[in-house]
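Colleague: I have the model open on my screen, and I'd like to go through it with you. Could you take my questions as they come?

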Amino acid sequence: MDESTQNLQDQETMEANNAEEQDPARRAEEEASDQTEDPRAVSPYAELTPEELREALALADERRSCLEKQLEEAQSEATAAETEILRMAADFQNARKRLDRIAHEQVSHAKEGLITKLLAVLDDLDLAEANAPTDLNSIHDTWFKGVTQIREKILAVFQDEGVQSIETEGAFDPNHHEAVQMIPSEEHDSGHIVETLRKGYRRGEKVIRPAMVRIAA
């Protein structure tokens, strides 16, 4: 082969290579053709016998059943945990309400105890005011005004705490009155209050001290 022939062949080869490089669609098609594999080589079950395939499927089914059981148990545990959390939250709320109620009752009981003690002082002030002489001199008048102011301050405290005097007019009410004597009366019907011996007081609907009264026979 002479030199000119060899040069011609080399030139044709270079042109063919250049054509392949310039045609990306053709190159991709060739690469895809080269990479095509036998499907049996991709699937791990391709080389298994029918018996081996049945065993593999049975094992996979068993594994799936096991995972489903684990999922069911996990969901059951999550539901139980959620129920327990809700129960604990409800118990906490109930305990908090109970403690609040107990604290309120204790405060209310303490206030009522103090009010009961102040009632004895108020009784004495009422008695002093009712029996004050009319001919007081300036010194005694100043002293009497001081007693009256103390009484008014106690009544103001009672009002702030919702303490009210019990009405003693009309029929006797055993829930609010304490009858110590029955007396004849032409001015009152039987069972009606004739005279109040000691004032009674209530705080809201609760009677702190019933009114002591005489009632008509």
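Colleague: How many residues apart are Asp 61 and Arg 64 in helix H4?

Modeller: Asp 61 and Arg 64 are 3 residues apart in helix H4, so about one helical turn separates them; helices here are DSSP runs of H or I with at least four residues, strands are runs of E with at least two, and both are numbered from the N terminus. Please keep in mind that this is a predicted model, in which local features need pLDDT of at least 70 and side-chain atom pairs count only at pLDDT 80 or more, while totals for chains, interfaces and linings use all residues. Residues are numbered from 1 along each chain as its sequence is written, and side-chain values use heavy atoms, with hydrogens and water left out.

Colleague: And what does Asp 61 form with Arg 64?

Modeller: Asp 61 forms a salt bridge with Arg 64, with the closest N and O atoms 2.4 Å apart; the term means a side-chain nitrogen of Lys or Arg within 4 Å of a carboxyl oxygen of Asp or Glu.

Colleague: How many salt bridges does the structure hold?

Modeller: The structure holds 13 salt bridges, and one of them joins Lys 206 to Glu 112, with the closest N and O atoms 2.9 Å apart. Because Lys 206 lies in strand E5 (residues 206-209) and Glu 112 in helix H4, this pair ties together parts that are 94 residues apart in sequence.

Colleague: Which of those two is buried?

Modeller: Glu 112 is buried, with a relative accessible area of 11%, whereas Lys 206 is partly exposed at 47%. Both belong to a network of salt bridges that also links Lys 111, Glu 161 and Arg 203.

Colleague: New topic: where is Leu 48?

Modeller: Leu 48 sits in the loop between helix H3 (39-42) and helix H4 (50-130), and with a relative accessible area of 31% Leu 48 is partly exposed.

Colleague: Last one: which residues form the salt bridge with N and O atoms 2.6 Å apart?

Modeller: Those are Arg 54 and Glu 51, whose closest N and O atoms are 2.6 Å apart. Both lie in helix H4, 3 residues apart, about one turn of the helix, and Glu 51 is partly exposed at 42% relative accessibility.

Conventions:
Buried means under 20% relative accessible area, exposed over 50%, partly exposed in between (1.4 Å probe, protein chains only).
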